[in-house]
Amino acid sequence: IKKEPVKKEPDKLKLKKKNSFAKFIIGTFIALLIGVLLAITLIPALFLPEDVEIPDVKDMTYESAVTLLASKGLKISDPKEIFDDEVAEGKVVKTSPNIGETVKENSSITIYKSKGKKSNEMEDLKGFQYNTIKSRLQDDYRSVTTHFIESDEREGEIIDQSPNVGAEVVPSETDLNVWISKGASTITLRDLKGWSRKDVETYA
């Protein structure tokens with residue numbers, strides 16, 4: 001039996017197969033490289049929190065501010081209360097981080113809630129000459145009402161006041177009343193010359 005001679009592949013066919021394999025390897029490498037780049041750049045972005053600008057909640061009620069901030073995906077920390085001369089009690093003065101700043105979604109925001117204007121103890125005005133402190137009182141208090149009464153104290157001296165000393169007041173929201181001495185009452189005696197004792201006693 002005669003064996004048929006084994007045919008050898010032409011060199012060109014071998015070279016073509018090698019080129020195809022090399023292209024496959026290079027293509028696979030490029031695909032993997034692109035996949036890695038996507039994993040590094042795009043995919044994490046799908047899971048990272050978004051940027052959120054803190055909205056302007058100043059002068060809002062605390063409850064309204066909480067609702068708005070929560071709707072933006074922000075967490076609300078326990079509020080802090082501070083005195084403020086301009087913002088009404090119970091409304092928002094500011095936030096931390098500040099209004100307008102950009103933070104990540106789910107960031108914690110602290111709301112500063114107004115306690116209103118700071119109150120002070122009512123000062124003691126008794127003994128002062130009203131005219132010497134009149135201008136200051138009119139500047140400090142919402143209104144000043146004077147009452148003049150007869151007294152053994154010096155004329156023009158403050159002898160009583162309302163609110164009373166020590167009361168908690170906000171001067172700019174307080175109506176002040178002061179009682180001022182007109183001095184002791186005076187009696188004008190009639191000329192009793194020529195009167196009998198009985199007439200004088202009756203007059204007295």
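Residues are numbered from 1 along each chain as its sequence is written, and side-chain values use heavy atoms, with hydrogens and water left out. As the model is predicted, local features need pLDDT of at least 70 and side-chain atom pairs count only at pLDDT 80 or more, whereas totals for chains, interfaces and linings use all residues.

## Overall make-up and confidence

The chain has four helices and 11 strands, where helices (H or I, at least four residues) and strands (E, at least two) are DSSP runs numbered from the N terminus. The mean pLDDT, the predictor's confidence in each residue from 0 to 100, is 86 for the chain, and 79% of its residues reach 70 or more. Where pLDDT is low, the predicted coordinates should not be read in detail.

The accessible surface of the chain comes to about 15,600 Å², of which 53% belongs to carbon and sulfur atoms; these areas come from the Shrake-Rupley method with a 1.4 Å probe, and for residues only the protein chains shown count as cover. Of the 204 residues, 21% count as buried, where buried means under 20% relative accessible area, exposed over 50%, and partly exposed in between (1.4 Å probe, protein chains only). Among contacts (heavy atoms within 4.5 Å) between residues at least 6 apart in sequence, 69% join residues at least 24 apart.

## A nonpolar surface patch

Ile 26, Phe 29, Ile 30, Leu 33, Ile 34, Leu 37 and Leu 38 form a nonpolar patch on the surface, with about 670 Å² of accessible area together. Patches are made of residues with over 30% relative accessible area and no salt bridge, like charges being joined within 9 Å and nonpolar side chains (Val, Leu, Ile, Met, Phe, Trp, Tyr) within 5 Å.

Thr 95 is found in strand β4 (residues 92–96) and counts as buried, since its relative accessibility is 2%. A polar atom of the Thr 95 side chain lies 2.7 Å from the backbone oxygen of Pro 97, and the side chain of Thr 95 also reaches the backbone nitrogen of Ile 99 at 3.3 Å. Such a polar contact is a pair of N or O atoms within 3.5 Å; within protein, one must be able to donate a hydrogen and the other to accept it, and residues adjacent in sequence count only if both atoms are side-chain atoms. Leaving aside neighbours within four places in sequence, Thr 95 is in contact with Ile 54, Val 57, Ile 109, Thr 110 and Tyr 112.

Gln 161, in strand β9 (residues 158–162), is buried with a relative accessible area of 2%. Polar atoms of the Gln 161 side chain lie 2.9 Å from the backbone oxygen of Glu 123 and 3.2 Å from the backbone oxygen of Pro 163. Beyond four places in sequence, the residues in contact with Gln 161 include Met 122, Leu 125, Asn 177 and Trp 179.

Asn 106 lies in the loop between β5 (102–104) and β6 (108–114) and is partly exposed, with a relative accessible area of 46%. Not counting residues up to four places away in sequence, Asn 106 touches Gly 73, Leu 74 and Lys 75. Asn 106 and Glu 50 are 56 residues apart in sequence and 8.9 Å apart in space, C-alpha to C-alpha.

## Salt bridges

The structure holds seven salt bridges, each being a side-chain nitrogen of Lys or Arg within 4 Å of a carboxyl oxygen of Asp or Glu. The table lists some of them.

| Pair | N to O distance |
|---|---|
| Asp 160 and Lys 126 | 4.0 Å |
| Arg 136 and Asp 140 | 3.2 Å |
| Arg 154 and Glu 157 | 3.0 Å |

Asp 160 forms a salt bridge with Lys 126, and this pair links distant parts of the chain, with Asp 160 in strand β9 and Lys 126 in the loop between β7 (120–121) and α3 (130–140), 34 residues apart. Asp 160 is partly exposed at 33% relative accessibility, and Lys 126 is partly exposed at 43%.

Arg 136 and Asp 140 both lie in helix α3, four residues apart, about one turn of the helix. In the remaining pair of the table, Arg 154 counts as exposed at 52% relative accessibility, whereas Glu 157 is buried at 10%. Salt bridges that share partners join Glu 123, Arg 136 and Asp 140 into one network.
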